[in-house]
Amino acid sequence: MDCTPGLKKYVDVLKDIGQYFHFTLFFLGIVLLLIAFQALICYQIIPVDITFGRIILDVNAPTLSGMLLCHYAHSPYDPEHLRSNALFLYRIMALIFVTGYVILPANKWSPPKHFLRNVFLMIFLLLPFPLSGIAIIHGRIIGMAGFVGFSGIESALVGLSAFLCVMCIFTCLYPRWKKRPESFGMLPIAGAAMVCLLLVVGIIMFTGGRNVDTAGHLVGCFYGLLVPFAVSLFMESQSQRIKNSVAGFLVVMLVVPSVAWIAL
């Protein structure tokens, strides 16, 4: 079994500090962006009319900029909003670092080149749109006028961390799957495990109150599980047919929720 007792293999991975430079820079950049953006809003350097018209997502009059930027802004009337999200971001990014950059590499997991980078780009740049589409529909149903906050993206990071935890389990307990072409040997098992995790997260997240975007949290977690799964298949597959199928599935999963509110 690959997971031999002792910490030597993990220490050896941690010795190569240079490989963590981009992750550290990215993480610090996100934190500084959230703080700086909130300061611009709170001190009204960004005019109030722009904040409420172009940044905060108005479910009755949504804008394209609001669908993206609302996920990087926080309530100007609640100082704890940014603080609580930042503290949670520290924890979830630490878990992603330990699983994706330490445990998995130490156990000889070889993902496609730039796998995690591509997953992060999709979560931070593309997922805000389907999350906002779901928020618009949910907001109109429950009578919530606007949405703002980073928790939808954080929920996607929870899903990503769950995916990486499942990968850690199977890398240790079933090392032979790494020898199978394109890793298809473990995908059904990992998928079943992730569905179980999703159900648990759903039960936890739906305990929120009326002013909590519980639907967005659950959808974000679902996408956080789905995106790395699909990206891995797309990047590892040698079949153009499979690549096209995965790409088409991702486009549908991203675009349909983003625009469904127009017809509802």
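The expected span of a helix is 1.5 Å times one less than its number of residues. Helices here (H or I, at least four residues) and strands (E, at least two) are DSSP runs, numbered from the N terminus. Helix H6 has 12 residues, and its first and last C-alpha atoms are 16 Å apart, close to the 16 Å expected at 1.5 Å a residue.

Some conditions before I go on. This is a predicted model, in which local features need pLDDT of at least 70 and side-chain atom pairs count only at pLDDT 80 or more, while totals for chains, interfaces and linings use all residues. Residues are numbered from 1 along each chain as its sequence is written, and side-chain values use heavy atoms, with hydrogens and water left out.

Now the overall layout. The chain has 11 helices and two strands. From the N terminus on, the order of elements is α-α-α-β-α-α-α-α-β-α-α-α-α. Of its 264 residues, 47% count as buried; buried means under 20% relative accessible area, exposed over 50%, and partly exposed in between, with a 1.4 Å probe and protein chains only. A contact means heavy atoms within 4.5 Å. Among contacts between residues at least 6 apart in sequence, 79% join residues at least 24 apart.

Next, helix H11. Its 20 residues, 240–259, should span 28 Å at 1.5 Å a residue, and the end C-alpha atoms are 28 Å apart, which agrees. Lys243, Val246, Leu250, Leu254, Pro257 and Ser258 are buried in H11. They cover an arc of only 125 degrees around the axis, which puts them on the same side of H11; the arc is that of the directions from the helix axis to the C-beta atoms. An α-helix has 3.6 residues a turn, so residues three or four places apart point the same way. On the other side of H11, Gln240 and Arg241 are exposed.

What covers the buried residues of H11? The cover includes helix H4 (64–69), helix H6 (115–126), helix H7 (128–142) and helix H10 (214–236). Lysine 243 lies over the face of phenylalanine 234, 4.6 Å from the ring centre. For that, NZ of Lys or CZ of Arg has to be within 6 Å of the ring centre and within 35 degrees of the ring normal.

On to the aromatic rings. Rings of Phe, Tyr and Trp (its six-membered ring) pair if their centres lie within 6.5 Å; planes under 30 degrees apart count as stacked, over 60 as edge-to-face and the rest as tilted. A search of the whole structure finds 12 aromatic pairs. One of them joins phenylalanine 27 and tyrosine 90: the centres are 5.8 Å apart and the planes at 70 degrees, so the pair is edge-to-face. Phenylalanine 27 lies in helix H2 (residues 21–42) and tyrosine 90 in helix H5 (residues 79–106), so the pair ties together parts that are 63 residues apart in sequence. Phenylalanine 27 is buried, at a relative accessible area of 16%, while tyrosine 90 counts as partly exposed at 37%.

Phenylalanine 120 and phenylalanine 124 form a tilted pair, 6.3 Å centre to centre with 50 degrees between the planes. Being four residues apart in H6, the two are separated by about one helical turn.

Tyrosine 101 lies in helix H5 and counts as buried at 16% relative accessibility. Not counting residues up to four places away in sequence, tyrosine 101 touches Val13, Tyr20, Phe23, Ile96, Leu116 and Phe120.

Glycine 152 is in helix H8 (residues 151–173), buried at 9% relative accessibility. With residues up to four places away left out, glycine 152 touches Leu131, His217 and Gly220. Glutamine 44 lies in the loop between H2 and helix H3 (48–55). Its phi is near 55 degrees, a positive value in a residue other than glycine, and glutamine 44 is exposed, with a relative accessible area of 53%.
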